[in-house]
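Reader: Please take one part of this model and go through it closely. I would like the pairing of the strands, with the cut-offs spelled out.

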Amino acid sequence: MAASPLKPHWVQPSHPDIQEVIINEAEFTSKSLSRVALPPWGLFARLDFPPCTLAREPTYATVQMSRDMHLNLNSDLLYINHSCEPSLIFDMTRLVVIAGPKGLQPGDELTFFYPSTEWTMAQPFDCLCGEKTCRGRISGAADMSDDQLRGMLLNKHIYELLDERKALEAAASRQASENGAAGGTEEENGLTKKVNGKGSANGSHHGAEKFPAQEASPGAVDGSLRRGPTSRELSGEMGGDTSVY
Ligand SMILES: [Zn+2]
């Protein structure tokens, strides 16, 4: 998709002890393999500042950390691809990357579920993860259906934004039915569609679990980081406005 790989501005490799980066220059793709074994929820890496830096706007090189803040990874962690059965979780509240519920083995591909951090993405893409549970079209959580998000671990800001939208939809729906009773028009009902093009107006939570309340143990991982081109740039740039309104 992208015409050229990202030119890394950091010293590579940034995480040689835990991550092997494989770049296919011919196909403009990249992926990362684990060099470590971790138990479920084990600490893979910390998102320290530096090398991370704050970003107001999302780009292919950022991960969303709250409803209106993002961080530039500035390291090889940027080469962690999306998967619908991710091996890693970016916990943006604690600013750590942890192993998923299955733990991690050396050689496992390092992946995470992009909508778990991103509310919007400038370039949605068709996922090719090949998992039975593949969610298909991947975009920011704002544009994914409840079914697509069900069962996935999502960050606190994503839950909050989803809940907020549901509350607005419910309010719009109430308003619409009141208007309807009073002879309201279709246009007035349009707010629901604008607020959410896909999701149901009264769906319950996604059934996704919250992150485990585990404190990542310090020192389990080398705090230093690295660089490189990214498949995120290739497979789906993360961008766009973080706000739905
Ligand atoms: Zn998939």
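What percentage of the 245 residues of the protein chain count as buried? And in which order do the strands of the open sheet of three lie?

Author: The model is predicted, so local features need pLDDT of at least 70 and side-chain atom pairs count only at pLDDT 80 or more, while totals for chains, interfaces and linings use all residues. Residues are numbered from 1 along each chain as its sequence is written, and side-chain values use heavy atoms, without hydrogens and water.

Buried residues (under 20% relative accessible area, 1.4 Å probe, protein chains only) make up 47% of the 245 in the protein chain. The chain has four helices and twelve strands, taken as DSSP runs numbered from the N terminus (helices H or I, at least four residues; strands E, at least two).

The open sheet has the order β4-β6-β5 and pairs antiparallel; two strands pair if DSSP finds at least two bridges between them. β4 (53-55) and β5 (62-64) are the edge strands with a single partner each, so one side of each has no neighbour in the sheet. From one strand to the next the twist averages 35°, with axes fitted as lines to C-alpha atoms and angles running from 0 to 180 degrees between N-to-C directions. β5 and β6 (residues 70-72) are joined by three bridges, and Q64 has H70 of β6 as its bridge partner.

Another antiparallel pair is β1 (residues 19-24) with β2 (residues 29-34), over six bridges. Here I22 is opposite K31 in β2.

Definitions and conventions: Buried < 20%, exposed > 50% of the residue type's maximum accessible area, 1.4 Å probe, protein only.
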